[in-house]
Amino acid sequence: MHSWSTPVVPSVPGDGAPLRLFDTAGGEAREVAPGPVARMYVCGITPYDTTHLGHAATYLTFDLVYRQLLDAGHEVHYVQNTTDVDDPLFERAERDGVDWQELGDRETDRFRGDMEALRVLPPRDYVAATETIDEVVEMVAELLERGHAYCIDPAVDGYSDVYYRHRATEEFGYESGYDDDEMAVAFAERGGDPDRTGKEHPLDALLWRVNRPGEPSWPSPWGAGRPGWHIECSAIARNRLGMEFDIQGGGSDLAFPHHEFSAAHAEAATGEAPFARFYVHAAMIGLDGVKMSKSLGNLVRVQALREEGVDPALIRLGLFAGHYRVDRSWSGELLEAARLRYDTWNRAVARGAGADSAAAITALRERLADDLDTPGALAVIDAWAEATLGGDEADPGAGVAVATALDALLGIPSTAA
């Protein structure tokens, strides 16, 4: 599946700072320290609706990770999936009276357009679930062979679905840190099926769903069907990045069950651990203090903002005003603050000469390398702009230098440089 176009990332003079990120599994921030090629997997969309600001915040978070790794001298092998075969997609297609594939293709195209407008660096491998059925079948077979999975007795309801034994690895739970009670609640709320008759345990996760009437299916040794959610990402990441890749990323709602099971599947299938060295999660975005959700109908979509004439740079700035790991809210006031900040920065850049750019860029790098401290990074440029507009013109090339750094490190192009 094709990705979207790559924005130009200018080179910033000087040395980038080593990136530190908060690892959910370890419960602390530490240096990523990848090899020459940093390997990153970020879970993609289920394409049944247009990109909302929660999606945008997640992919902008890992765009910043990508940019800091590039600035530190690493090549980045970035992989992202699209879950283009899943219940929400089928349900929306049925509701709207359209073919599920047509819906998935349409929303994926919209997502690409939004990412391109936001200047998000694209993955090297952009992979649809439907392109990797053979990989999933192979991995399910590995888990069955090792005794880590089982088939439901078809006498129960006629469907011999394949399930993963959730305690197949002794370390299960290490990634999210959830206890049994928290797992039970999250599993039921986030796509699990604890009440499925015939399972050995309510937390066992679906690997292969045998075909039901009206659903798409692909052949397998256990009957025609389709992949479970977690095994899809597990197979895609393992087969393209190998085990112990650097960063597994996504929204905080994916820590359990999705990332926990994705890791467990790969670790159980290979006998190797860990799946990833870092598990990094972006927090949730609300609207005017209320959590965004489809049920409440309060989603703010990137496409709608763009159609209203909102510069995508303002969306970036607005979302960067809060730290990526803190649940935060979008509002008209936040957007206006981003507009005023962007105008101030551009006026400062347009002066050409300005306050010490080397010091500002060093401080910008330090803030972003410290677990993506975007509020601190914005404050650095605010201070530089204030000094510049206040008459400090000690550095004749400051405007161009700062504009280059903002473009490369924050993905925010200047309108004045």
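**Charged pairs and a helix**

Asp 49 is buried, at 16% relative accessibility. Buried means under 20% relative accessible area, exposed means over 50%, and partly exposed is in between, with a 1.4 Å probe and protein chains only.

A word on the source. This is a predicted model, where local features need pLDDT of at least 70, side-chain atom pairs count only at pLDDT 80 or more, and totals for chains, interfaces and linings use all residues. Residues are numbered from 1 along each chain as its sequence is written, and side-chain values use heavy atoms, with hydrogens and water left out.

Back to Asp 49. Which residue does Asp 49 meet in a salt bridge? The partner is Arg 301, at 2.7 Å from N to O. A salt bridge here is a side-chain nitrogen of Lys or Arg within 4 Å of a carboxyl oxygen of Asp or Glu. By this rule the count comes to 33 salt bridges.

Where do Arg 301 and Asp 49 sit? Arg 301 is in the loop between strand E13 (290–291) and helix H8 (302–307). Asp 49 is in the loop between strand E3 (37–42) and helix H1 (53–71). The pair links distant parts of the chain, 252 residues apart. As for the names, helices (H or I, at least four residues) and strands (E, at least two) are DSSP runs, numbered from the N terminus. Arg 301 itself is partly exposed, at 27%.

Next pair. Asp 161 and Arg 212 also meet in a salt bridge, again 2.7 Å from N to O. Asp 161 lies in the loop between strands E6 (149–151) and E7 (162–164), and Arg 212 in the loop between strands E8 (205–210) and E9 (225–227), so the pair ties together parts 51 residues apart in sequence. Are these two buried or exposed? Asp 161 is buried, at 1%. Arg 212 is buried too, at 12%.

Arg 351 is partly exposed, at 37%. Glu 393 is partly exposed, at 42%.

Salt bridges can also share partners. Arg 20, Arg 367, Asp 370 and Asp 373 are joined into one network that way. Arg 20 lies in strand E1 (residues 20–23). Arg 20 is partly exposed, at 32%.

Now the helix. H3 (residues 100–117) has 18 residues. From first C-alpha to last, H3 reaches 26 Å, close to the 26 Å expected at 1.5 Å a residue. The expected span is 1.5 Å times one less than the number of residues.

Which residues of H3 are buried? Among them are Trp 100, Leu 103, Phe 111, Arg 112 and Met 115. The buried residues of H3 pack against H1, strand E4 (75–82), helix H2 (87–96), strand E5 (125–128) and H8.

Look at the ends. Asp 99 caps the N-terminal end of H3, with a side-chain oxygen 2.9 Å from the backbone nitrogen of Gln 101. Just after H3, Arg 119 takes a positive phi of about 60°.

Last stop: Ser 3, in the segment before E1. Ser 3 is buried, at 19%. Contact means heavy atoms within 4.5 Å. By that rule, and not counting residues up to four places away in sequence, Ser 3 touches Arg 112, Pro 122, Pro 123 and Tyr 126.

Methods:
A polar contact is a pair of N or O atoms within 3.5 Å; within protein, one must be able to donate a hydrogen and the other to accept it, and residues adjacent in sequence count only if both atoms are side-chain atoms.
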